[in-house]
Amino acid sequence: MDATGKFTPGNNFYVYLPHFCNPYFFYDHDFKYDLEEYYFIKSFNIPLTNDLQNEDYDKLVIFRTIDREHTQCEMYKSKKENGPTTWKIRDSVWN
């Protein structure tokens with residue numbers, strides 16, 4: 001979160017990045033596979049692992065970050081389209 005507690009770095013990228021550069025400059029080709037794997041796990045309810053002790057810690061951190069940033073972007077989009085009260089309950093979970 002930023003100093004005001006309103007925006008995450010991903011949320012700021014979502015809003016400002018397309019205005020000053022090509023977002024693909026920041027896009028890591030290997031990250032595409034992480035995003036696809038995250039999408040499949042979330043969309044098809046596939047477990048990430050059978051045992052957290054054997055799961056790669058870096059992958060867990062990446063997936064947690066993707067989930068957090070995606071949620072923040074969805075909240076921003078919803079607030080922009082529907083007003084500030086749409087995500088009130090979910091905001092309290094993240095803050």
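Buried means under 20% relative accessible area, exposed over 50% and partly exposed in between (1.4 Å probe, protein chains only). The chain is a predicted model, in which local features need pLDDT of at least 70 and side-chain atom pairs pLDDT 80 or more, while totals for chains, interfaces and linings use all residues. Residues are numbered from 1 along each chain as its sequence is written, and side-chain values use heavy atoms, with hydrogens and water left out.

**View 1. The chain has four helices and zero strands.** Helices (H or I, at least four residues) and strands (E, at least two) are DSSP runs, numbered from the N terminus. Along the sequence the pattern reads α-α-α-α. Of the 95 residues in the chain, 21% are buried. Among contacts (heavy atoms within 4.5 Å) with a separation of 6 or more, 55% join residues 24 or more positions apart.

**View 2. Helix 2 crosses helix 3 at roughly 70°.** The axes of helix 2 (residues 29–44) and helix 3 (residues 57–82) come within 10 Å; axes are lines fitted to C-alpha atoms over the stretch in contact, and angles run from 0 to 180 degrees between N-to-C directions. The two helices are therefore roughly perpendicular to each other (65 to 115 degrees; under 35 is roughly parallel, over 145 roughly antiparallel and the rest oblique). From helix 2, Phe31, Asp34, Leu35, Glu37, Tyr38, Ile41 and Lys42 take part. Their partners in helix 3 are Lys59, Ile62, Phe63, Ile66 and Asp67. By class, the residues of this contact are seven nonpolar, no polar and five charged (nonpolar: Ala, Val, Leu, Ile, Met, Phe, Trp, Tyr, Cys and Pro; charged: Asp, Glu, Lys and Arg; polar: the others, Gly among them).

**View 3. The largest pocket is lined by 20 residues.** Gly10, Phe13, Phe31, Leu35 and Glu69 lie nearest the centre of the pocket. Helix 1 (9–20), helix 2 and helix 3 each give two or more residues to the lining. The lining has 15 nonpolar, three polar and two charged residues. A pocket is an open set of points on a 1 Å grid over the protein atoms alone where a 1.4 Å probe fits, with protein on both sides within 12 Å along at least five of seven lines; lining residues have an atom within 4 Å of a point.

**View 4. Val15 and Tyr76 are 61 residues apart in sequence.** Their C-alpha atoms are 9.2 Å apart in space. Val15 belongs to helix 1 and, at 17% relative accessibility, is buried.

**View 5. Phe26 lies in the loop between helix 1 and helix 2.** The relative accessible area of Phe26 is 47%, so Phe26 is partly exposed. Leaving aside residues up to four places away in sequence, Phe26 touches Leu17 and Cys21.

**View 6. Asn45 has a positive phi without being a glycine.** The phi of Asn45 is about 55°. Most residues other than glycine have a negative phi. Asn45 is in the loop between helix 2 and helix 3 and is exposed, with a relative accessible area of 70%.
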